[in-house]
Amino acid sequence: HPTMSVSVPHLFYTCPEGATVKLVCAQRGAALHPTDVLKRSWRFTPHSDQHCLGREGPRHTFISGHPHGNHSLLPGLQFGHSEQNFWVVLQNVTHADQGRYCCMILDVQVVNKHPSLLQKPHSHIVLQVTPRKDTKCINVNVKGQTSRGRSTVPVALAITACIVALLALPLILVLVYKQRESTQSSRRTEAHGHENPVFLAGSPQIKTRTVSQIMTRQSSETGRHLLSEPGTPLSPPGHGDVFFPIEDTIPESPDFLQV
């Protein structure tokens, strides 16, 4: 069973041209045997979606299998390690440095001067180089969290504000919807009241009568039938009388007769 593992605190690095980046890998565990030799190695490929094959290292260095120490092989290129981490430092990065960096630990057992590879835990880091706009690199860890030097606090505050805004958005929409419904309801009530002024006071009730009720003579307060007694101003005339008064005969004028 493997007794060692290699992981990366940050999986993606995005750096502008001219910046300095430190790619770090973490190691855990110990060698399989106390007499084994541990060798730390870095490989590079410009294709970030491919595995690191061959012996080509960062900036076209060739790995001969010997462990890297805290020294510089080329100007602007440094390797280093501690008890728990090992890294490579790239200064003044260019687009040629963009690609995939593979870090690994070789657990080598030597028997009678014959080395034997027992285990080779490894991981990888992806470096992206952007046009020169800033001097700092942005690191993204395995969980997708970003860090940029000491400027992680504003990023965290911005993310928190966005989350709070998203959570409060449904409540705001509900309040706006209720306000609009209340306003529209008030406007409809006002418009209906203006068009029908008696709407709020109630419509007057119209009394209806049948034909038989209309033809039936109504009694007065004195008990006498209205329009039933002769001699009343609006009662029909008696027998032999004419409804209209008889007019006197107009005598003819002698002058008119002579014409």
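1. Let's start with a pair of cysteines: cysteine 25 and cysteine 103 are both buried. Keep in mind as you look around that this is a predicted model. A disulfide joins these two, with an S to S distance of 1.9 Å, and the torsion of -85° about the S-S bond makes the link left-handed. Cysteine 25 belongs to strand S3 and cysteine 103 to strand S8, so the bond ties together parts 78 residues apart in sequence.

2. How many disulfides does a search of the whole structure find? There are 3. Counting the bonded cysteines along the chain, their pattern is 1-6, 2-5, 3-4.

3. Next, find cysteine 52 and cysteine 102, whose sulfur atoms are 2.0 Å apart in a disulfide. This link is right-handed, with 80° about the S-S bond. Cysteine 52 sits in the loop between S4 and strand S5 (71-74), while cysteine 102 is in strand S8, 50 residues apart. Both cysteine 52 and cysteine 102 are buried.

4. Cysteine 15 and cysteine 137 are also joined by a disulfide (S to S 2.1 Å). Its torsion is about 120°, so this disulfide is right-handed. Is cysteine 137 buried or exposed? Its relative accessible area is 13%, under the 20% limit, so cysteine 137 counts as buried. Cysteine 15, at 0%, is buried as well.

5. Finally, look at the largest nonpolar core, which has 28 residues; Val21, Leu23, Cys25, Trp42, Leu90 and Leu127 touch the most other members. Strand S7 gives the most to this core, with 5 residues. Leucine 90 touches, among others, Val21, Leu23, Tyr101 and Leu127.

Key. Residues numbered from 1 in each chain as written. Predicted model: local features only at pLDDT ≥ 70, side-chain atom pairs only at ≥ 80, totals over all residues. Heavy atoms only, no water. Core = buried A, V, L, I, M, F, W, Y, C linked by side-chain atoms within 4.5 Å. Buried < 20%, exposed > 50% of the residue type's maximum accessible area, 1.4 Å probe, protein only. Helix = DSSP H or I, 4+ residues; strand = E, 2+ residues; numbered from the N terminus. Contact = heavy atoms within 4.5 Å. Disulfide = S-S within 2.5 Å. Lists of a residue's contacts leave out its neighbours within four places in sequence.
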